[in-house]
Amino acid sequence: MPPLITHKSRQHYQPTGVKCKYCGMVFKPQGLTRHEKSCQHHIHNPVDREQYTREFEEEVKRVEQKIDTQSTVWTTATVGDPGPAGLHHPSPFHPPGITNTPDPHVWGPHVNDELDHVEHFDDGADAVQAPQPESVGSGSMASGPLSSGHCEVDPDDISVVEDFKTVFHPRSIHHLPLYQSAAEFGQEAKERAVKDEAPWRPFRTAANLEFADIANCAGLNARDVNALLSLISRVADRNAEITFRNERELRQACDRAAEELTPFTKIEVTAEYQKQLKTFDVHMRPLWDWALDLLNNPRLAPHFVWDAQRVYRHDGDTYKRFYTEPWTGDRWWEIQSGLPQVPNATPLAFILYADKTRLSSHGTVKAYPVVTRCANLPVGIRNGEGFGGGCVVGWLPIVPEPAKEEHKTGWTNFKCVIWHESFAKLLDKMFVRLSEVGYKHKCYDEVIHWLFPLILILSADYEELCMMTLNQGTKCKFPCPECLNVFWRVRNSDPELAASFDRLHYLHGGLWGKHLLEELKKILNALGREAATKVEELVSDFPRWRDLAHFDTVMHITFSDGNKLRDLAKQVYYAVLHVLTPSASPEGYHWLRMLSTYLQIDSLLGLDVHTDETLSTIDQEILLQSPGERSNIEDLKTNWDFPKVHLWKHVTWDIRMKGVVRNYSTRPNEKMHGALKAAYADRMNGKDIAKQILCVDHHSLAIKLLRSRMEAVEEHQATNADEEITDSVAETSDSVTGAPRHVYLGSPCQPVAISEIEGAHQTDRAFENFSRKFTDFINTCVPTYAARGCTLIGGRGLDQRSR
């Protein structure tokens, strides 16, 4: 039982407590910290200390008198009148305030805040202990310190009843029931704030903490953080200036910058289904207007390539042809040969990509962006992320599929009609007309070309290519007889010739991720847990390399990231070499041979330059593919003749016609989905999603344009600075004859005599005999800068005037 308030006339309960380090009095542990802070303040101020002592003694007397009065009331009620029915009468064995069954009318004494949880003892025999306050910790809903306006209930006046009563567990530090008014109930304790001179620590400054909070909330990566800190540093050094005061001014500035570019417009597309007209919204930026934005950009002008080329390399005996960019393929040559007979008639070729993507993590919000690239630009610009790279030019409608229309041919044809009618808005009449008559354009070199726009490449996965070419996928025997294909309206844009092979969907995420990998899991399950465990351990122990994803499991891979699946295939091959042996698993060994062929073909297709020899090697590897034999393993695939394997037979034709595979890869286009998803996650309000996302994308394109101009100015300034340095170096006597003009050999530090170094470090033992040590270093460690066997510095040491 905890210690109670003791009095001369009542039973003495031996108290327990801790002494205050300032005044020496004993206090309960629960109130010691609070008392020490108050005591420390008064101890350091003599005047306050005297006043504090006087107030303390008066408070003790007041408590003693109140306890005496309560004791008289309790004794009278116990011995004389039994009191009202239901009133609890304390006995000598149950002192006041400590009851196992507290009653609403039992009164617990209230004391001043300074005496909360405190016991005071005289060094002699008598001791006065402050009674326990009726309060609990701040964590309870019914907790909270009693306010100064709290009404004390007279023990003789049972008609005064508070609104709320809280009874604590017998083992709690709070023994008395707590009575509170409606205003007090549920109020948490207001602790006195501890003064902290630097609450932002361990951050060096408060601004550092604020920046960390913003970066964390915004999800900035390392590149973004470094760029932002660099800008802040330049602003602080007065090398840059930011005038934005809020987001509104930033948005207005982006709107003004975007006025230079072709904006998005919303158009309605209507089609009939079962005698009902259905309308869908299409957001588009006309393809020809986007092309003019590129043609009128002076920074891109020098990089356009107009004419078809056949390039060769001499191998020591003869010239061998090779394929790289789209204009090195035969398709470009054929198109330019068939153009009208006008001076400098050249193709203006486009690459189109379209694919659905999920914007929300739960997949209910989807997008259908259309991305275009100009095939006349080099791959470094075309597949890059700056201005001149991929650009979103359309946002196609996603036609829902009601349950009653699912798998119906009529509804499938209706979706195809909506897709091609929407795409026709992107390829407007101007684009179609110019593909026939051409567009007169003066290039940066003052040469006038007649440009004929066309669709050279369709970059998409298998499902989208079926939509683009209007066939029925695996059940197709001939194209759609209704001739609704929008690409046939554009001259030299045959969709079947434009459809191209894609490594990401056909190999990494297709043949390997959805077929070979799944077959491996079946084989390992048939071999038992030991085989699967060994393979996963070997994959986990695979050495780590830069730009190579690392894996700890194989059997439970569920992601669909083509880049990671590509890396996994390389590591699994080495992990299963000692597991899938001919004796252990004939089916597994056959699978291993197929994986070997797959990896060789994938490596060959990934080359940036192809020759007739490499293309012949690809054809030979494809011929090694053969269907597996019948197996006892359940559901093991034995027929490998399906579209994503068949498409390999056309890849060498694609390379000869349109250049290497990276020219029509969907990987850079799929990467653009990330920016659209980020815009949806971070900047959308859930209304008119397409319009908001495309506005963000339009602003991003405008910023890319301005950044390209700034980079051009910076490059020009850097070039002029290099020329000035070269000219100044050429005029000095220390310039090196025969060295490149932009290179200057020497140290940025001023020359200093060795004697000065030794004199400045006389007390440092590391510089003892510095002249001799330096001589030995030069003669021993730098022999490559002099003729062999030649001593650079005399063996007797340097002259003190040497530098």
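What follows is a chat about the helix packing, cores and loops of a predicted model.

Me: What comes with the numbering and the predicted model?
Reply: Residues are numbered from 1 along each chain as its sequence is written, and side-chain values use heavy atoms, with hydrogens and water left out. As this is a predicted model, local features need pLDDT of at least 70 and side-chain atom pairs count only at pLDDT 80 or more, while totals for chains, interfaces and linings use all residues.

Me: How many helices and strands does the protein chain have?
Reply: The protein chain has 24 helices and 18 strands, where helices (H or I, at least four residues) and strands (E, at least two) are DSSP runs numbered from the N terminus.

Me: At what angle do helix 15 and helix 16 pack?
Reply: Helix 15 (residues 562-575) and helix 16 (residues 586-605) pack at about 130 degrees, with their axes 10 Å apart; axes are lines fitted to C-alpha atoms, for helices over the stretch in contact, and angles run from 0 to 180 degrees between N-to-C directions. That makes helix 15 oblique to helix 16 (under 35 degrees is roughly parallel, over 145 roughly antiparallel, 65 to 115 roughly perpendicular and the rest oblique).

Me: And which residues make the contact?
Reply: From helix 15 they include Ala 569, Val 572 and Tyr 573, and from helix 16 they include Trp 591, Leu 595 and Tyr 598, contact meaning heavy atoms within 4.5 Å.

Me: Which residues have the most contacts inside the largest nonpolar core?
Reply: That core has 126 residues, and Val 572, Trp 591 and Tyr 598 are among those with the most contacts inside it. A nonpolar core is a set of buried Ala, Val, Leu, Ile, Met, Phe, Trp, Tyr and Cys residues joined through side-chain atoms within 4.5 Å, and buried means under 20% relative accessible area, exposed over 50%, partly exposed in between (1.4 Å probe, protein chains only).

Me: What does Tyr 598 touch, leaving aside neighbours within four places in sequence?
Reply: Tyr 598 is in contact with Leu 507, His 508, Leu 511, Trp 512, Leu 516, Ala 569 and Trp 648.

Me: Changing topic, where is Lys 275, and is it buried or exposed?
Reply: Lys 275 lies in the loop between strand 7 (265-273) and strand 8 (276-284), and at 79% relative accessibility Lys 275 counts as exposed. Its phi is near 65 degrees, a positive value in a residue other than glycine.

Me: Which peptide bond is cis?
Reply: The bond from Arg 201 to Pro 202 is cis, with omega near 15 degrees, and Pro 202 lies in the loop between strand 6 (178-180) and helix 3 (206-218).
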